[in-house]
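Have a look at the model first, then read on.

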Amino acid sequence: GLAITVGKEDRITDTQDRALLLLKEKGFSRKQVLHLWNDPDEDYFLRETVEDIVWLTEAVASHNDLHEPLIVIRNTHEQRIEGATQVIIKADNSAFLFANLTTAFDRMNLSIQDARMYILAEQQCLTTFMILDDEGTPLHLNKQSMEQMRNVLLKYVTATQALPGNSNMAATRKQRHFIRNTLTTLTNSEAQPYSILEVLSPDRQGLLAVIAHIFVDMGIILHNAKITTLGEN
């Protein structure tokens with residue numbers, strides 16, 4: 001109930017136990033699952049659903065090489081996103097990986113509604129995206145369209161440098177009616193070995209890619225990310 005506060009560690013343990021139970025029913029051992037999870041940030045078990053964790057674990061298990069990029073795509077109807085295309089990328093981490101991924105979606109004229117980034121062991125990174133097409137609807141997925149998207153993303157994932165973004169990021173007529181100032185908040189905590197930057201800005205095509213490239217240009221290493229689109233922001 002509302003009077004009971006569930007601790008962070010309890011939530012993490014509960015999510016892990018529920019996912020392990022479902023995966024055990026599918027024939028996985030606890031040792032196998034922990035190896036496939038590859039020691040993600042604790043936020044992974046706080047933010048992601050048990051269903052998504054199980055789905056991704058199965059995808060990783062069926063992947064031929066754990067160190068080769070993995071790209072999985074499906075349409076989802078989670079409560080946090082009322083219908084969107086879900087794309088998850090597991091790959092070797094770099095200072096420009098997130099910038100390249102957001103640029104890839106921009107190049108495909110896809111809108112990022114939600115993005116989450118987690119650091120794994122062995123210098124790997126797991127990034128999840130919720131995307132919509134230019135009409136604001138989930139993609140019409142078929143074998144050909146998913147393969148095309150994988151090929152584009154694979155090009156940007158395996159690049160050895162930050163690839164240029166789309167220089168034409170003009171606001172649409174609708175967006176110009178909702179122009180607001182961009183607000184930024186930078187927090188430094190003695191309890192954390194990193195800074196926390198919050199950006200609240202009117203949304204537009206390619207915005208996230210622009211911000212990500214600013215980090216690359218300034219030599220800022222992105223450790224974790226959570227991006228949510230709310231209305232016109």
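**Two helices, two stories**

The crossing of helix 5 and helix 8 is left-handed, meaning that the near helix is turned anticlockwise from the far one by less than a right angle. Keep in mind that this is a predicted model, where local features need pLDDT of at least 70, side-chain atom pairs count only at pLDDT 80 or more, and totals for chains, interfaces and linings use all residues. Residues are numbered from 1 along each chain as its sequence is written, and side-chain values use heavy atoms, with hydrogens and water left out.

Back to the pair: the axes of helix 5 (residues 97-107) and helix 8 (residues 207-217) come within 8 Å and cross at roughly 155 degrees. That makes helix 5 roughly antiparallel to helix 8 (angles over 145 degrees count as such). On the helix 5 side, Phe98, Ala99, Thr102 and Thr103 meet Leu208, Ala209, Ala212, His213 and Val216 of helix 8 (contact is heavy atoms within 4.5 Å). Sorted by class, this contact has 6 nonpolar, 3 polar and no charged residues.

Now for helix 2 (residues 30-37), where Val33, Leu36 and Trp37 are buried (under 20% relative accessible area, with a 1.4 Å probe and protein chains only). They span an arc of only 100 degrees around the axis, which puts them on the same side of helix 2. Over on the other side, Lys31 and His35 are exposed (over 50%). The cover over the buried residues includes helix 1 (8-25), helix 3 (43-47) and helix 4 (50-62). Just after helix 2, Asn38 takes a positive phi of about 60 degrees.

Conventions: Axes are lines fitted to C-alpha atoms, for helices over the stretch in contact, and angles run from 0 to 180 degrees between N-to-C directions. Helices (H or I, at least four residues) and strands (E, at least two) are DSSP runs, numbered from the N terminus. Angles under 35 degrees count as roughly parallel, over 145 as roughly antiparallel, 65 to 115 as roughly perpendicular and the rest as oblique. Ala, Val, Leu, Ile, Met, Phe, Trp, Tyr, Cys and Pro count as nonpolar, Asp, Glu, Lys and Arg as charged, and the others, Gly among them, as polar. The arc is that of the directions from the helix axis to the C-beta atoms.
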